[in-house]
Structure formats: structure tokens, C-alpha cells
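Open the model in your viewer and keep the selection panel at hand. This tour goes stop by stop.

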Amino acid sequence: MSLEATARPRRRPVWSSARWRGLALQALVLIALAAFFYDLALNTAANMATRHIVSGFDFLWRKAGFEVSFSLIPYSGEDSYARALMVGFFNTLLVSACGIVLATMLGLVIGLMRLSRNWLAARIATAYIEVMRNVPLLLQLFIWYRLVLTPLPQARDAITLGSASLSNKGLTLPAPVFGDGAWWSWVGFGVAAVAFWLLSGWNRRQREATGKSMPVWWLGALLLVALPVLFLFAAGWPLSFEHPVRSNFGFRGGMTLVPEFMALLLALSIYTAAFIAEAVRAGVMAVSRGQGEAAAALGLKPRLAMRLVVLPQALRVIIPPLTSQYLNLTKNSSLAVAIGYPDLVSTGGTILGQTGQAIEVVTIWMVVYLSLSLLTSAFMNWFNARHRLVGR
Amino acid sequence: MSVAFVRDRDAPLRPPPPGTAGALGWLRANLFAGPGNSLLTLLLGLALGWLAWSVLDWAVLRAVWTGSGREACAIPDAGACWPFVWEKFPQWIFGFYPLDERWRPLAVMAIGAAALAPMMVPGAPGKQANALFLLIAYPAIAYVLLAGGAFGLEPVETSSWGGLLVTLVVAVTGIVISLPLGILLALGRRSELPVVRTASIVFIELWRGVPLVTVLFMASVMLPLFLPGGVTLDKLMRAIIGLSLFASAYIAEAVRGGLQAVAKGQTEAGLALGLSRGQVTRKIVLPQALRISIPNIVGIFIGLFKDTTLVLVVSIYDFLGIINAGLQDAKWAAPQTANTGYFVAALVYFAFCFAMSRYALFTEARLEQAGKR
């Protein structure tokens, strides 16, 4: 009797098993998604047919026909759309990289200021953070743009100093022209970087063994500047300068740092610094008080205790939010479109307006920003992991 | 042989340590502790004094208070141009909404404020009914009042909405749409079903990886291509959809943080009591998770409120957009007009965002206390 009961358990309906329900739900989700995207594709195809837009990336090789105010690579209206996008991409990279460096330095200062024992310093840092975080970045950008632009004279009344001149077209400087053999300076830079790396490793071992330390950072900076120059000199100085020439509407030749760049850089770094300052403060406060007290008991001055004991430990807490702030800064650099700094979004927008290739341009934007995001977080994760290993 | 040494005189008296009590003691401890610190205090004090004086000088002392055009403000060495603000202010609030119908946006704002206030006060009664009203009935009422076309109300095109009205409409609609969507996405991301989880992760990371400006461009140029022929969405609607999808990814991450903070034992206890998985999520996990994520959600809302300014890149005139557009007005072309406009914009945005961030801090402190019990 009992044997029979175990051999033939009461059959439960198939849909009451969690596994079956899970599979069914997933199949439903898949079908719904597929139907949604299929419908989207059909609509898009029909709409594009009625608007006579040919899809595909062939338009990239057509002539762009528009000028940009600021470019790191040679570009003119005769070049292709693809090259215009490259110009925008490099401009985005430039403003983001400069912004990240500036914002980190400013954010560190403000964050430490907020923790200062000096009441006034702490209050000023708090006020800075509150004001910057609670006013939209776009408004700050407009304000900086005005502040940068207002005091500058017209191009014909430019303030000149040697062959550098400052006007509302920007800061115009002689552009370096590298001749044959200029690559020697890169070799010098590489040698300096390797030397710096070796030196800092040797210095660390020396410090751990004897407690003596050298000013490695100053030496490193000196090396990184001096060696490329030295190598260039040895190669016969293949470097000349192209001087800007005044023309009717401004300057021709040379290189120009446009005011839009300055405004965007200031706005981005000053805004992001407030968020970085908060991350720094949180990180420092996460280090237990005993660490600072122990450092003081060992006779370290407050400044050294902060640099050698507290900050390295705080870094572990700071890095994850710092990463997301760097990503935010990079993404926020797309506000350039509002003041006409030719970044990726701005040039892409012009191309979109000219060709109507909305899907392609938006796809390029998404791919570029997503890869930048992934690259930045990969780098910061690597940095984080490395730091963690050193710390233990 | 040692010589015993017994001191027979007192050591010289040292001066008493500086007082640490009272105003002087406080000053010494917090502002003038050592020469470097004193110098820092002096420098910062000077900088702060200079800043405060220049703002006061510009905004009050040298400011122009009356006038009706650029002549009043274009005098040399003038400060802020306040008559510009007096004249434009109604437009900054309502945009180009018809003059006779402006009671409607006012009523919408008043109802919203009246319904929201008791939600923010802990312990006020009727939270659930109020929440339902705010999330379901209020958007409908607001839409009918603002757009008109029913109950004998004059229809008003969204293209004539503008100013703070658009800022509030975009931000509030954005949060109302993105909150439920974000919760669903957060649950999807934690789901045990690979298809649901992957779809949620891809959706969330896609939106979080791209800048809002591109999302708005996408909503304004790509969305019309996706719609079936004959269906059109107006510009404001498209921007709201873009912004909501964008915000929902961030909300999802905030809610996920809350979900992770709920102890696993809660779920297990719920299951042990015989609740189904859906019931456990709905009645046990989600309420606790949402309470934990309130400060972060308010933070996202502040971000959303600030980000609404970006709609001006798709030529919708929100509060900042309309101030910016008003600066082109030849009637008020004076050196200080733009500065005045931006100054007012900064004050208004600051007031809104600062109030919200204080509220987030307040709920956070309350949650912490509740956790300690």
C-alpha cells in the first residue's frame, strides 16, 4: 500500500512548478520584446521611405561643408563628415581630460577644506558645495561663458603680447610645427616615464628600508619635461612655430584656444569639483579616527599624517564615487552644444541637421559614450584593484 | 656614591593656558589656532568680504530699480537691472500661456503644493489616499486644466507653455512616469530569470551610459521615426518621454540599493509564513526598500529638476530657456541685463534644489533614528 503511494505521487499540474512558470514568463518577455522591436523596425522603415532617407553609414564619406571653430586635427569644410565627427570626438576628449584633472585637484582642496579645523574655511567649503550642487550646470555654463567673454575685446582691438593675442575669438598662440625627427621627443618622453617609474620604485624600497625619502614627484616632473627637450635638441631641433596672422575677421594660422573651451572647462570642473569634494569628505571620514591619532602619536605633522596615513586609506572609499563623477563630467561635456563648442554632440547635431541621418548619428553618439564609460570604469577598477593590493 | 637632590624652591609659574571657554576661546580654537591658521582665516575673510560687498554693491547699491526699457539700465556703472525682471517675471513663470487663462497653471501648482505638503510631513494622516491622488488623479486633473479642450476650457497648445510651468511639468511628469518604471526595472535586475535580468541590465546601463543631451536629441528626432504613420507626439511630450526613460534607469539603481539593504531574513520569513513570492515582494520587501531609498530618489529628483534645463537644446523654453531667450529682447539690451537674469535664475533654482536636498537630509536622519530603535 505505502509502496504504491510513493511510486505514484499525486500529479501536480505543470504550471504550478516555479521552473515552468519562469520559463513561460521569459518566453513571453522575449516574444513581447521581439514584437516591439519588429514593429519599431517596420515603422522606422516606412517613415524613412516616406521621408526619402537612405539608411546606412555611407553619408559619412560625403563632404561636410561646414567649418568648426576649434579642432585638434587639421580640418576644413572640404573634409568628410567622418572627419568632422573625429574633430568633435577629440574635442570631447580634450575638454573631459582637462576637466577631470582640474576638478580632481579643486575637489580635493575643497573636500579637505570642509574638514578643516578652521571654522571659516569649513563654512566656505560647505557654501561652495551647496551653491554649486544646487544650481543647474547649464546655467553655470551660461554664466561662465558670459564672464569669460565679456571682458575680452573685439578681434581688431586684441590684446597682444609678442605673437600671442587675446580677444573674443580666444587666445591665439603660435602653433608648433614638428619637422622630421620630432618623434625623438616622444622617445625622450618614454625614457623619462620609464626612469620615473624605476626611480619611484627604488625610492619606495629605500623608504621602507631606511625611512629616507627623496622628492620623487618633483624629480619626475623635471625628467618628463627635460628629457624630451634634450632629445629634441640632440635631433637638431626640428621644431618651428607658425605665427598667427591677423585677418579681417580674426586670425589665420597659429592655434587658438576658443573662449567656448575655457567656459566649458571652467563650468565642468567647478561643478564637478563640488561632487568630488563630497566624495573626498566621505572617504576621509570613513577612515577611523584612531589612524589619524596614531599618526599624530608617531610625531607626524597633521599635513603629513593626512598625506601618508589618512588619504591613502580614504582613497579606497573615494574611488568608486570618483569614477562615477568622472563619467558624469565626460557626459556633461555634451552641454557644449548650448554654447557652440564643437564637441561630438555639437558636430553630430550639425550633421544630423544637414543629412537627416538621425538613427546613424545617434548610434554613433551612443557607441562612443558607452565605450568611453566602459573604458573609464575599466581603468578606475584596475586602479582600485591595484591600490587595494598595495594597501594590504 | 650618589648625592640626593631635593628641590627646595618652586618651579617658576607658567602663564595659565589660553581659555577655551567663551567667545574668545572659541575664536582662538576655531579661527586663530597658530599663525598659519590665522593667516588663512584673514585671507578667506578678506575674499569673502570682498565677494559679499561686490554682490551687495551690484544687486542693491548700484542697481537700477525702476524704468521701462534699456535707457534706464544702460547708464554707465549701473548694477543689476531690476525693471527687466519686474516686466518679464510673469512670462518666466507662465511662458506664453494666454493672459486670461493663467489662473489654470496657478490652480495646478496650488493643488499640487496642497497635496504634496501633507505627504512630506511625517505622521500626517491619509498618506495612502494622498499618494494615489498624486500619482493617478492629479496628473489627469493637471493635464485637463493645462491643455484644456474639455469642460469648456479653452484649449492651449503646449507650444505656448513655458517658463517655470514647463520646468515643473517636465520634472513632475518625469518623476511620476520614471518612479514605477524604475521600480519594475530594479525588480527585473534582481530577478532570477536570465532573460528578464539581462533585458533590465541592458536597458539600465544603456541609459546611464549616455548623456542626457543625446537622449533629448534622440527623443526629438528619432522618436517620430519609430511611431506608426499618422501618429504624432508634440515636442514637449517627446522630451518628457526621453527624460523619463533616462531618469527611470537612475531610479532603478537607487531602488536596487534599497532592495539590497533589506535583510534576506525578511524574504525568508515572509515565505515561511506562506506568502507567495509576489506577496513577499509587494508587502514586505518593497515597502522597506522604498523607505530606504527615499533620500536617493529625492536626490535623483533634484538632478532631474536641474536637468530639465537641457530641454532648451531641443528648443523648448523652460525657466532657464525663457530667461535666456528674453535676453535677446532689444528693448532691454543693456550690459547688466543678462547678469540680472542669470542671477535670478540661479536664486530660483537654488531655492528649489536646496529645499529638496534639506528634505532628503531630514528623511535620512529620520530613517537612521528609526533604524536605531
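How many Å separate the centres of domain 1 of chain A and domain 2 of chain A? Taken over C-alpha atoms, the two centres are 39 Å apart. To see them, select residues 19-52 of chain A for domain 1, then 81-153 together with 258-391 for domain 2. These bounds come from an automatic or database domain assignment.

Some ground rules come next. This is a predicted model, where local features need pLDDT of at least 70 and side-chain atom pairs count only at pLDDT 80 or more, while totals for chains, interfaces and linings use all residues. Residues are numbered from 1 along each chain as its sequence is written, and chains are lettered from A and ligands numbered from 1 in the order in which they are written.

**Stop 1: all of chain A**

Select chain A. It holds 13 helices and 8 strands. Both are DSSP runs, numbered from the N terminus: helices are H or I with at least four residues, strands are E with at least two. The C-alpha atoms fill a box of roughly 105 × 75 × 50 Å along the principal axes. The radius of gyration of chain A is 29 Å, whereas a compact globule of 392 residues would have one near 21 Å. That radius is taken over C-alpha atoms, and the globule rule is 2.2 Å times the number of residues to the power 0.38.

**Stop 2: a sheet in chain A**

Now colour S1, S2, S3 and S8 of chain A. These 4 strands form an open, antiparallel sheet in the order S1-S2-S3-S8. Two strands pair if DSSP finds at least two bridges between them. S1 (159-161) and S8 (255-257) of chain A are the edge strands, each with a single partner, so one side of each has no neighbour in the sheet. On average, neighbouring strands are turned by 20° against each other, direction ignored. The axes behind that angle are lines fitted to C-alpha atoms, for helices over the stretch in contact, and angles run from 0 to 180 degrees between N-to-C directions.

Zoom in on S1(A) and S2(A), residues 164-167. They run antiparallel, joined by 3 bridges. Find Thr160(A): opposite is Ser165(A) in S2(A).

**Stop 3: annotated spans of chain A**

UniProt, in an unreviewed entry, marks "transmembrane region" at several spans of chain A, among them 125-145 and 362-383. Such positions follow the numbering used here, feature names are shortened, and annotations may be inferred rather than shown by experiment. Select 125-145 of chain A: this span is 86% helix and 0% strand, with end C-alpha atoms 24 Å apart. Then take 362-383 of chain A, which is 100% helix and 0% strand, with ends 31 Å apart by C-alpha.

**Stop 4: chain B**

Switch to chain B. It has 14 helices and 0 strands. Its radius of gyration is 29 Å, well over the 21 Å that the globule rule gives for 373 residues, so chain B is more spread out than a compact globule. The C-alpha trace spans about 115 × 80 × 40 Å along its principal axes.

The unreviewed UniProt entry gives "domain: ABC transmembrane type-1" for residues 164-360 of chain B. That stretch is 79% helix and 0% strand, and its end C-alpha atoms lie 22 Å apart.

**Stop 5: where the chains touch**

Show both chains. Which numbers of residues do chain A and chain B bring to the contact? Chain A brings 45 residues and chain B 42. Residues are in contact if their C-beta atoms, placed from the backbone, lie within 7 Å. On the chain A side, H2(A) gives the most, with 12 residues. By class, this side has 30 nonpolar, 11 polar and 4 charged residues. Ala, Val, Leu, Ile, Met, Phe, Trp, Tyr, Cys and Pro count as nonpolar, Asp, Glu, Lys and Arg as charged, and the others, Gly among them, as polar.

Technical notes
Contact = placed C-beta atoms within 7 Å.
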